[in-house]
Amino acid sequence: MTLYPKLILDALATVRYPGSGKNLVEAEMVADNLRIDGMKVSFSLIFEKPTDPFMKSVVKAAEAAIHTYVSNEVEVTIATESKQAARPEPGKLLPQVKNIIGISSGKGGVGKSTVSANLAVALAKLGYKVGLLDADIFGPSMPKMFQVEDARPYAENVGGRDLIVPVEKYGVKLLSIGFFVDPDQATLWRGGMASNALKQLIADASWGELDYFLIDLPPGTSDIHLTVVQTLAMTGAIVVSTPQAVALADARKGINMFINDKVNVPILGLVENMAWFTPAELPENKYYIFGKEGTKRLAEEMNVPLLGQIPIVQSICESGDNGTPVALDENAMTGRAFLQLAASVVRQVDKRNVEMAPTEVVRMNK
């Protein structure tokens with residue numbers, strides 16, 4: 001049997017690409033590198049993106065079509081190409097970001113997202129370039145906290161790749177799954193779907209140059225946490241807790257997750273949120289309604305820094321609901337507390353980077 005290009009193309013014309021419904025020839029997915037050598041056939045199929053979900057199935061269908069409509073004896077070799085550049089390998093993601101910090105809590109309800117939002121704003125007020133990723137796939141809250149619930153991020157072509165452009169507010173670049181789902185509907189995704197969505201928000205977004213990239217992690221320990229530490233080279237983690245014993249027990253687990261040998265992310269420090277209550281009419285008074293200095297004692301026990309203590313006042317709740325983080329007002333008690341926290345984080349990151357510098361030099365020399 002003699003093979004010729006039209007036989008192969010006619011067979012490929014029977015295969016439809018699920019994304020458009022067009023056949024492979026009509027969709028111009030067959031590259032012009034078709035080669036025939038006796039009973040051997042080789043060519044490439046062109047896809048829009050290197051992460052095309054139909055790539056493997058289409059390649060198998062193309063091979064099967066040639067065996068069915070031409071001959072089962074044909075030896076088929078199919079390569080794949082993509083119009084867009086491939087996503088960088090995990091170790092090479094976000095090369096323009098200097099420091100990547102995960103903000104975590106052992107349990108929900110301790111104000112982790114409030115701390116994340118205000119820390120991001122405070123760092124921006126100190127003059128740093130800041131990005132904030134809302135990694136709580138099932139309970140995204142950042143769009144509301146920044147008053148950008150109606151924002152709809154768009155994509156632009158950067159270096160041959162279509163990248164999501166983060167929303168910018170208060171000097172912070174922001175992305176959240178909340179921009180892409182119905183806020184009134186529950187997000188019923190299995191762990192794999194959630195992890196893949198998170199990877200897209202990290203790797204397929206145009207974050208640009210950043211001094212600090214903060215990741216507001218979901219409460220507890222889950223696939224999301226593992227996805228982040230396996231995808232990015234983390235500078236360190238911050239654990240948020242209230243002073244009460246129940247929260248501290250879970251915070252201890254959160255710390256253990258990061259310092260575990262399989263994760264090995266350094267703890268930059270702890271933040272004690274809701275450290276005390278101060279009524280607006282009595283600014284000098286402190287009422288320790290959740291216990292006193294429990295997080296401080298845990299920090300001493302675990303031999304990690306206490307980065308800051310944030311009081312609970314009515315304005316924090318109101319500003320979060322209104323989308324105007326309290327860190328914007330440096331004259332307010334809580335605004336000053338978050339600016340002090342930001343300064344503590346910067347000092348701790350600088351200290352860690354200095355400590356790590358000799359290790360990096362030795363590694364490069366090797």
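Mentor: Accessible areas are worked out here by the Shrake-Rupley method with a 1.4 Å probe, and for residues only the protein chains shown count as cover. On that basis the protein chain exposes about 18600 Å², and carbon and sulfur atoms supply 50% of this area. You are looking at a predicted model, in which local features need pLDDT of at least 70 and side-chain atom pairs count only at pLDDT 80 or more, while totals for chains, interfaces and linings use all residues. Residues are numbered from 1 along each chain as its sequence is written, and side-chain values use heavy atoms, with hydrogens and water left out.

Before the close look, consider the setting. The protein chain has 10 helices and 13 strands, where helices (H or I, at least four residues) and strands (E, at least two) are DSSP runs numbered from the N terminus. Of its 366 residues, 48% count as buried, a word that stands for under 20% relative accessible area, whereas exposed stands for over 50% and partly exposed for what lies in between (1.4 Å probe, protein chains only). If we take the contacts (heavy atoms within 4.5 Å) between residues at least 6 apart in sequence, 73% of them join residues at least 24 apart.

Buried in helix 2 are Met-55, Val-58, Val-59, Ala-62, Ala-65 and Ile-66. When you look down the axis of helix 2, these buried residues fall within an arc of 120°, so they line one face of the helix; the arc is that of the directions from the helix axis to the C-beta atoms. What do the buried residues of helix 2 pack against? Their partners are helix 1 (5-12), strand 2 (40-47) and strand 3 (75-82). Turn now to the other side of helix 2, and you will find Lys-56, Lys-60 and Thr-68 exposed.

Val-313 lies in the loop between strand 13 (306-312) and helix 9 (314-322), and because its relative accessibility is 13%, Val-313 counts as buried. Once its neighbours within four places in sequence are left aside, Val-313 is in contact with Thr-278, Met-333 and Thr-334.
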